[in-house]
Amino acid sequence: MNILKRRDILYFLLPSAVFMIAFLFFPLLMLIFDSFFQTSDTGARSFIGFGNYLQAFTSGVFWKSTGNTLIYVIVAVGIELVLGLTLAIVFSHKFKGVSVLRTLALTPLMIAPLVAGLIWKFMLSNQFGIVNVLLEKLGIIASTDSILWLSDERVALISCIIADIWLTTPFMMLMLLAGIQGISDSLFEAARIEGATRMQVIFKIVIPVIKPVIISALVIRVIDAARSFDIIWAMTQGGPNFSSELLSVHIYEMLQRYGDVGYASAVAVLFIIILISITMLSMKKVWNVEQK
Amino acid sequence: MFSGEIGEGWHGKLWNAAVIVIGTLFTAIFLFPYVYILLSSLKPSDEVISTTPTFWPSDFTLENFKNMFNSMPIGDYFVNSLWAAILSTIICVILGSMASFAISRTMGSKFSYIFLVCVLCLKMLPLTSVAVPVYKIVQQLGLYDMKITLIVVYSAINLPFVLWMMVSFFQAVPKDLDEAACVDGATPFQTFRKIILPVCAPGIISTGIFTLLLAWNDFLFALLLTSTNAKTVPVAISEFLTAYNLDLGPMTSAAVLFSLPVIIISFFVQRYLVSATMAGSVKE
C-alpha cells in the first residue's frame, strides 16, 4: 500500500524539479538550440544547421582536446585506481596509528580543485617551485630549469594529471576501503584455514569480491575526470599550445575568450552525448555484474 | 580484517612492516603539498617567491596573512562563500530529501524510472557546458552579482547529486513505517518529517556534508556569476593567477585559510564521509 497519492508525490517532487528544470534542463535546451546557429559579432544569428558540428569535426584543436581528455582520464584514473587500491589494502590492516594515518591521508579530499591546481602550479614552477629543487638535490635532474612542468608542451598535461592524482586518490581509497571493510569475515576465516598467503588473499578474494565497488568508483571517476576544469584552468589554462586543453576547457575558452557561442555549444553537446553514453553503457554493465 | 592471522611468522612480520612503511610513506607524500603551502604562508613574504625555495620558513611570520587582508576584502568573500555554501546546502537537502522520498515510494513505476534517468543525466553534465547558458539566464533575471544568485544556482546544480545519493537511503526504510504512521492518522508530510527523516538522519547528514563541500569549493559558477558584491573566496584566490602578479604570499594564506576549516571539520565527520561513499558505491 502506498501512502502517497499522486497529488502528494507531485508536491514532494515539484520544488526540486523546478530548480533543476530552471538551471539545468533549460540551459541544456538553450545549448542544443544555440549549437545550430552562428552568432556574428553584432549578435545577429543565422541558422546553419550542423555547420558548427562540421567545424568541430574538422578542427584540429577539437580533436587535440578530445585526445587530451582521453589521455587524462585513462592515465589519471588508472593510477588513482592502483594507488587507491594499494592504500585501501594498507589501511584495512589493523596496526597502531592506522586510523590517524588514514585521516591524514584523506586531507587532499577536502581541498577545492582550484586550490589544488594552484598549489601544484606553485610547486611545479621552475622559478619558485620546490619540486625541481628537490629533484635537483636528489640528482634526478641537472638544474631547476631541466623540466619546465607548466611551460613545456610535452609535460604540461602530465603536470595536470599529477595534481588530479593528488586530489582524488584519497577518494578512491575511501571508496575501496569501504568496500573492503564490507567483506564478510567468514571469507577470511576460510582463507586462513586453507593456509592462503596474503598475496593470494588479496588477488583471489579481496579484488574479485569488491569488483562492483571498483566499477562504481571507476565510473564516477571517469566522468568526473573527463569534466575536469578547475585544475587545468588554474595550472595551464589549456596551454601551452593546447597541449593540456581538455574538452571542458576548450568549451569554456571558446565561449569566454572567442565568444563563439554556436561552435562552443556544438562541442558541448557532443561532449555531453559522449559522457551520457559512457554512463549508460557502464550502468548496463554494473547491473549485469550485480545480477551474477 | 587483515588482523595478522594469515601467514604468521617472520613472513608475516615482514609484511606488517612493509604495510606500515608504505602507509606512512604515502601519507607523508600526500600531506606534503598541503603542509608546504601551510608553511609557505607563514614565511616572510619575499621568501615565498624566492627563486631558491626552501621547505621550512627561516622565520615564522603572519606577514602574508596581513598582506592578504590589506589587499582585498577577503573577510567579505569568506562570508559570501559561507552563506552560499550553507544556505544552498540546506535548500538542497530539504528539497532533495522530499523528492527522494517520493521517488523511493514509487519505485518500479515508469515515472520514477524516467525521473531517475533524467537525474542521472543531469548529474553527468559538464559544468562548463551549462555555465554560460546559466549566466545568460541569471542576467535576464537581473540576478547578476547578487548574493542570492549563488545560493539558488548551487542548490540547482547539486540537486542531482543529492537525489542520487538519497534515493538509496530512503529505499532502505521499510514501507511498514509509512503504513503504521498512516494508520495512526499522519499526513504524508508528517510521516516524512517525524518518522522517515530521523531514520535516515545519518545518510542525510553525509549527503549534506558532501554537498556543502561541493558548494564551498565551486569556482566556475562563482567566477561567471559574481563580480564584486557576491564574490567568493575561490574567485579571489584565482585572481592571484594573473601572470604579472607575483605576490604569491597572500595567495598561500588565502589557500590555507580557505581549506583549513574544511579539513578540520572533515576530521570530525569522517564517520559520515565513509558511510556516504559506501552508500554511493554500493548503490546500483
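How many residues of domain 1 of chain B are in contact with domain 2 of chain B? The legends below take up this point and others in a predicted model.

**View 1. Chain B splits into two domains.** Domain 1 covers 10-63, and domain 2 covers 67-281. Their C-alpha centres are 32 Å apart.

**View 2. Domain 1 of chain B touches domain 2 of chain B.** Eight residues of domain 1 are in contact with eight residues of domain 2. On the domain 1 side, helix H1 (10-41) and helix H2 (45-48) of chain B each supply at least two residues. H1(B) gives the largest share of that side, four residues. The class count for the domain 1 side is four nonpolar, three polar and one charged.

**View 3. Chain A meets chain B.** Here 87 residues of chain A are in contact with 86 residues of chain B. Helix H1 (residues 6-34) of chain A gives the most to the chain A side, with 16 residues. That side holds 66 nonpolar, 14 polar and seven charged residues.

**View 4. Chain B is built from helices, with zero strands.** The helices number 13. Chain B has a radius of gyration of 24 Å, well over the 19 Å that the globule rule gives for 284 residues, so chain B is more spread out than a compact globule. Its C-alpha atoms fill a box of roughly 70 × 70 × 30 Å along the principal axes.

**View 5. Burial and contacts within chain B.** Of its 284 residues, 45% count as buried. Take the contacts in chain B between residues at least 6 apart in sequence: 74% join residues at least 24 apart.

Definitions and conventions. Residues are numbered from 1 along each chain as its sequence is written. Chains are lettered from A and ligands numbered from 1 in the order in which they are written. This is a predicted model: local features need pLDDT of at least 70, side-chain atom pairs count only at pLDDT 80 or more; totals for chains, interfaces and linings use all residues. Domain bounds come from an automatic or database domain assignment. Two residues are in contact if their C-beta atoms, placed from the backbone, lie within 7 Å. Ala, Val, Leu, Ile, Met, Phe, Trp, Tyr, Cys and Pro count as nonpolar, Asp, Glu, Lys and Arg as charged, and the others, Gly among them, as polar. The radius of gyration is taken over C-alpha atoms; the globule rule is 2.2 Å times the number of residues to the power 0.38. A residue is buried if 20 or more other C-beta atoms lie within 10 Å of its own, exposed if 12 or fewer, and partly exposed in between; C-beta atoms are placed from the backbone.
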